Amino acid sequence: MKMAVIGCGLIGGSMALSWKRAGIVDEVIAFGHNPATLQKALDKGAADAVTTSMEEAVKDADIVVSAVPVEAMESVFTEMAPFLKPDAVVTDVGSTRQTVIAAARKGLGDKFHQYAPAHPIAGGEMPGVDYASADLFDEKVVISTPDEGMDPKVVVFMEDAWRKAGARVQTMSPQHDLTFASVSHLPHVLAYALVDMIAREENAQEKLKMAGAGFRDFTRIASSSPVMWRDICLSNREALSHELKRYRTSLDTLQKYIDESDGKALESVFENAVKNRRGLVFPGK
């Protein structure tokens with residue numbers, strides 16, 4: 001089978017490598033606009049051929065993956081639609097579902113039934129195909145969000161393929177955006193905000209030189225792609241805004257405890273956090 005990857009970065013490149021490793025596809029063509037990035041995909045083995053032509057990328061592809069930032073999904077679906085084979089399977093690897101599914105519905109038009117979305121809960125702090133890895137999704141959760149108008153056979157194919165590639169598939173409704181606003185999107189915003197706040201101070205470099213393990217662990221994800229996370233925030237802005245308000249309320253409460261030297265209340269919050277954090281088991285760990 002032949003796969004076309006539209007946007008061969010960390011996730012798209014890793015998907016190509018993992019699906020080739022699993023024997024699901026035996027040929028990958030990568031589409032993009034940056035010749036240097038396309039060459040890196042070839043050098044990495046994430047692509048066997050590259051092109052700057054959408055028609056050339058998808059016309060013979062059995063599987064077409066949109067791995068672009070979520071705000072660009074609609075234009076990509078619209079551009080690929082005229083060139084898709086009638087039996088081609090279309091998917092994406094975006095981090096939000098409701099807006100991406102709506103983009104696919106609009107962009108693919110009468111070919112929407114060929115589409116089945118997936119959200120891999122995996123990634124890395126460094127963006128780009130240079131950091132792509134065939135084992136990125138091993139034992140990681142991939143969220144399948146089937147919706148009205150999708151061919152059930154296409155959905156089943158996509159879910160089975162992800163399992164063969166080493167992932168654990170879980171089905172959710174497209175309302176999954178509410179959940180991931182809390183446990184994925186909010187943490188990224190907080191990490192970016194902390195680094196940005198310190199970096200804007202006059203003595204920023206002096207402070208950053210003193211940063212230890214706590215700062216490193218908390219801000220690791222602030223090395224991720226700014227464009228990708230900008231689009232995720234805007235795509236899921238309603239749910240994320242709600243979570244930011246809740247977090248701000250929590251911070252105000254903590255500040256009150258600190259200002260009032262209420263050690264008992266402060267410790268109670270920390271103990272509750274410790275109890276719940278230590279009990280977490282992360283997929284693939």
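A nonpolar core is a set of buried Ala, Val, Leu, Ile, Met, Phe, Trp, Tyr and Cys residues joined through side-chain atoms within 4.5 Å. With that in mind, let us walk through this structure, which is a predicted model. Its largest nonpolar core has 64 residues, and those with the most contacts inside it are Met-3, Ile-6, Trp-19, Phe-77, Met-80, Tyr-115 and Trp-162. Helix α1 (residues 10–21) supplies the largest share of this core, 6 residues. As background, nonpolar side chains in soluble globular proteins tend to be buried together.

Is Thr-91 buried or exposed? Buried means under 20% relative accessible area, so Thr-91, at 0% relative accessibility, counts as buried. Beyond its neighbours within four places in sequence, Thr-91 is in contact with Phe-77 and Tyr-115, and also with Met-15, Val-64, Val-65, Ser-66, Ala-116, Pro-117, Ala-118 and Met-158.

Now turn to Trp-162. Setting aside neighbours within four places in sequence, its contacts include Met-15, Trp-19, Ala-118, Phe-137, Val-142 and Val-169. The structure holds 1 cavity of 30 Å³ or more, and about 60 Å³ of space lies in the largest cavity. Which helix gives the most to its lining? That is α6, with 4 residues, while β7 (141–144) and α6 (152–164) each supply at least two. By class, the lining has 9 nonpolar, 1 polar and 1 charged residues.

Our last stop is the second largest pocket, which holds about 270 Å³ of space. Its lining is made up of Val-189, Leu-190, Ala-193, Leu-194, Met-197, Phe-218, Leu-244, Tyr-247, Arg-248 and Leu-251. Here α7 (176–199) and α11 (237–259) each supply at least two residues, and α7 gives the most, with 5. The lining residues divide into 9 nonpolar, no polar and 1 charged.

Terms used: Residues numbered from 1 in each chain as written. Predicted model: local features only at pLDDT ≥ 70, side-chain atom pairs only at ≥ 80, totals over all residues. Heavy atoms only, no water. Buried < 20%, exposed > 50% of the residue type's maximum accessible area, 1.4 Å probe, protein only. Contact = heavy atoms within 4.5 Å. 1 Å grid on protein atoms, 1.4 Å probe; cavity = no way out; pocket = protein on both sides within 12 Å on 5 of 7 lines; lining within 4 Å. Points joined across faces, edges and corners; volume = space filled by probe spheres on them. Nonpolar A, V, L, I, M, F, W, Y, C, P; charged D, E, K, R; others polar.
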